[in-house]
Amino acid sequence: MEYTPPPKPQLSSRANAFSIAALMSSGGSKDKESPESTIKPLEQFVEKSSCAQPLSDLSSLDPHGEFSTSPSSLCTEPLIPTTPIIPSEEMAKISCSLETKELWDKFHELGTEMIITKSGRRMFPTIRVSFSGVDPEAKYIVLMDIVPVDNKRYRYAYHRSSWLVAGKADPPLPARLYVHPDSPFTGEQLLKQMVSFEKVKLTNNELDQHGHIILNSMHKYQPRVHIIKKKDHTASLLNLKSEEFRTFIFPETVFTAVTAYQNQLITKLKIDSNPFAKGFRDSSRLTDIER
């Protein structure tokens with residue numbers, strides 16, 4: 001008598017697709033992975049650092065830079081301390097100035113707003129800085145992060161044209177640092193050129209995998225610029241406490257994160273000032289007063 005195997009259990013179309021996708025992704029990841037595609041330790045640290053995770057230990061990271069711990073354990077404290085650290089004599093000589101300060105001042109007077117989106121939106125005005133007092137022979141890493149100004153949530157009162165406190169801040173989001181892609185700079189380069197953070201993007205997507213800075217809408221934030229002296233042993237920034245760095249804060253760059261502009265004057269100033277908003281500058285749309 002010929003043996004006939006029992007019928008295989010039938011998967012639903014959704015389950016079948018899921019299992020095939022899982023097999024394909026797990027089976028093909030090793031082939032696709034290359035030194036260029038893997039996230040470097042520095043990028044792993046600045047995007048996925050965990051508060052409970054010792055900064056010098058990356059053993060719980062998988063090859064794609066993901067922590068095996070739950071999302072709730074992601075670090076929500078700034079990865080660089082907010083309390084000023086007394087710099088060394090050498091770092092104390094470094095100064096940093098904000099470019100296009102006049103434009104920032106105009107926005108600051110009105111109450112700067114920055115749009116955040118799921119896919120990420122670039123900042124305007126852009127943070128651009130120049131350094132002086134650096135050692136021309138040394139190498140430096142330049143970073144930026146954005147920290148909450150306070151623990152409050154805000155709302156815009158249209159009848160008063162002002163921002164009012166609306167309650168306690170939403171739960172904090174994963175902290176991230178943006179390392180300028182041209183880092184490390186030589187001191188000579190920093191003395192000759194301006195450092196622009198035009199590629200920084202802001203998002204409200206808590207699951208963002210693109211390294212964008214994650215913010216809560218209707219909360220106030222302060223951008224910060226950091227410069228770290230790269231030592232010979234500094235292959236990556238696994239422990240910032242052992243590094244020499246300075247932090248620079250420009251109060252005029254404080255902004256409120258929004259998903260749509262609240263103050264019409266901010267909208268108008270953005271259109272008038274942004275060279276990429278040429279399509280919105282149609283004088284026929286403006287009233288005599290606006291013109």
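Trp 163 counts as buried because its relative accessibility is 16%, where buried means under 20% relative accessible area, exposed over 50% and partly exposed in between (1.4 Å probe, protein chains only). This is a predicted model, so local features need pLDDT of at least 70 and side-chain atom pairs count only at pLDDT 80 or more, while totals for chains, interfaces and linings use all residues. Residues are numbered from 1 along each chain as its sequence is written, and side-chain values use heavy atoms, leaving out hydrogens and water.

**Aromatic rings**

- There are six aromatic pairs in the structure; rings of Phe, Tyr and Trp (its six-membered ring) pair if their centres lie within 6.5 Å, with planes under 30 degrees apart counting as stacked, over 60 as edge-to-face and the rest as tilted.
- One of them joins Tyr 156 to Trp 163, edge-to-face, at 5.3 Å centre to centre and 65° between the planes.
- Tyr 156 has 9% relative accessibility, so this residue counts as buried too.
- Tyr 158 comes into the picture as well: ring pairs link Tyr 156, Tyr 158 and Trp 163 into a cluster.

**A charge over a ring**

- Lys 220 has its charged end over the ring of Tyr 154, 4.6 Å from the ring centre; the cut-offs are NZ of Lys or CZ of Arg within 6 Å of the ring centre and within 35 degrees of the ring normal.

**The whole chain**

- Of the 291 residues in the protein chain, 38% count as buried.
- Take contacts (heavy atoms within 4.5 Å) between residues at least 6 apart in sequence: 74% of them join residues at least 24 apart.
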